[in-house]
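Hi,

Here is the structure I said I'd pass on. Have it open while you read, and my notes will follow.

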Amino acid sequence: MRTRNRSAARARRTEDGASAESTSTTRAARASTSDTTAAGTTGSDEPGADSPAIEPTPLGAPRDGLVPVIDRIQPLLEWCERAAGTPEEPIAVDAERASSYRYSAKAYLVQIRTETAGTALIDPTAFTLPTSFVELMNSREWVLHAATQDLPSLGELGLHPATLFDTELAARLLGMPRVGLGAVVEDTVHLRLAKEHSAADWSKRPLPEPWLVYAALDVEVLVEVRDILAARLEETDKTRWAREEFAHEVAHPLPAARAEPWRKLHGLGALRTPRQLAAARAMWERRDQIAREQDLSPHRVIKDRAIVDAAKVSTASHAAFLAALPKPLHGKETWWQAARAGVNLPEAHLPSRSEPSYPPPHKLWSKKWPEVWERYLPIREAVAERAEQLHVPSENLLTPGLLRQWVWEHEAPGAAEEIRAELTGLGARDWQAEIVAPVLAAAPVASGPSDAPTARSAE
């Protein structure tokens, strides 16, 4: 699931039969025709970047009608049988969660579609997915939009793509100004998707029909969009970039766990003392426990702002603390006890003002390590300029965190080949390192002594 207004074509493996070749040829022709329409004749280096305005047609219902939700094995096996006949076809995949309502990030509805088998809407909470379905899914290319959102919940079901095509990431690499699903669908196939129900409670049963229509449309044209974007990537010599990025998503489906997740509390910067922070941490931990036990979104237990407001006066008085909590909140003594448990910790166990990180937050560099800051600014600008030349967002050319770590660890650049190896060692993809290394090699050398610690001595 995603909010729709958010932010070399792969070889088709058609050697296995004439029917596969026919299917692939038809899709490729459709992609070529649609892409020519989208690109126009503006002379832009990026296909579709300055396309003539084409009023999109609203897409209000699935082309084959709304299929019933699959909540037992037999209909899913029938879908598998149809899909197995064309193993070269990619599978459009999406998942709906209930993150605003539930603690877990599990999928409550899985939508899949191939051109041959059609659409399937699967309720994974109703039955155990059969092995034949899992094996089929895990042997195919998936097409997703913003894959990193859905891969974790799909992975919980034992579903892992052999390869994937991420239409959001492809749109970013192409420099498209808007990369939400709705915007990308409009730009490529000139259809308009409805925007409602993206934040619905998908754990609800039975699911209302309008929600199911919305969910089915999420995968309705995703493969067609994929083909058009793949053609554009090929035209702009960005196919290799996309392949490496997609392979990275397959290899790293889970986001890195944060060492101190309680620091994600909104407004935490308002707390100035370690004991206030300890109170907030203890309250966050209590909220997390309650939310986990009751399978509720943590914000439905108590909101971040309420935790911060109460933690701010947790060292004052019991009355002040209770007054800071929302009036309708039940069990206020529970939160007082949690906060005081944090406040009364020995000093050695109190949290620091800021989360330990390596390298240190770059916002501190200008004051604490001005030499590092002075060499970082022109390097950042040079990388941004190169990204603009390539019509790709700077953060996709090289993640800001990776760039800052390289700058922190290198007082002066070396040869381009040496830098390229350093960047890949830090996690850059080969295409990123190949492009960025010459930029860093040409960066100005900082003058004067530097008192900034190098490597991991700042930890």
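A quick word on naming before anything else: helices (H or I, at least four residues) and strands (E, at least two) are DSSP runs, numbered from the N terminus. This is a predicted model, where local features need pLDDT of at least 70 and side-chain atom pairs count only at pLDDT 80 or more, while totals for chains, interfaces and linings use all residues. Residues are numbered from 1 along each chain as its sequence is written, and side-chain values use heavy atoms, with hydrogens and water left out.

Let's begin with the empty space. Rolling a probe the size of a water molecule over the atoms shows where empty space is left. On a 1 Å grid over the protein atoms alone, a cavity is a set of points where a 1.4 Å probe fits but cannot get out, and lining residues have an atom within 4 Å of a point. The largest cavity holds about 120 Å³; a volume here is the space filled by probe spheres set on the points, with grid points joined across faces, edges and corners. It is lined by 13 residues, and Arg113, Thr114, Glu115, Glu220 and Val223 are the closest to its centre. At least two lining residues come from each of β4 (109-114), α7 and α8 (222-235), and α8 gives the largest share, with three. By type, the lining has five nonpolar residues, one polar and seven charged (Ala, Val, Leu, Ile, Met, Phe, Trp, Tyr, Cys and Pro count as nonpolar, Asp, Glu, Lys and Arg as charged, and the others, Gly among them, as polar).

Next, have a look at helix α19, residues 430-441. Its 12 residues reach 16 Å from the first C-alpha to the last, close to the 16 Å expected at 1.5 Å a residue (the expected span is 1.5 Å times one less than the number of residues). Several of its residues are buried, including Trp431, Ile435 and Leu440. Buried means under 20% relative accessible area, exposed over 50%, and partly exposed in between, with a 1.4 Å probe and protein chains only. The buried residues of α19 pack against α5 (167-173), α9 (239-251), α15 (370-389), α16 (394-397), α17 (400-409) and α18 (416-426).

Over in helix α4 (residues 147-156) you'll find Leu151. Leu151 counts as buried because its relative accessibility is 5%. Setting aside neighbours within four places in sequence, Leu151 is in contact with Trp142, Pro161, Leu164, Glu249 and Pro253, contact meaning heavy atoms within 4.5 Å. In the loop between β6 (141-144) and α4 sits Ala146, whose phi is near 60 degrees, a positive value in a residue other than glycine. Ala146 is buried too, at 3% relative accessible area.

Asp295 is partly exposed because its relative accessibility is 23%. Ser297 has its place in the loop between α10 and α11 as well, but at 4% it counts as buried.

Last, two cis peptide bonds. One runs from Arg205 to Pro206, with omega near -5 degrees, and Pro206 lies in the loop between β8 (191-192) and α7 (209-220). Another joins Tyr358 and Pro359, with omega about -10 degrees; Pro359 is in the loop between α13 (332-343) and α14 (365-368).

Terms used
1 Å grid on protein atoms, 1.4 Å probe; cavity = no way out; pocket = protein on both sides within 12 Å on 5 of 7 lines; lining within 4 Å.
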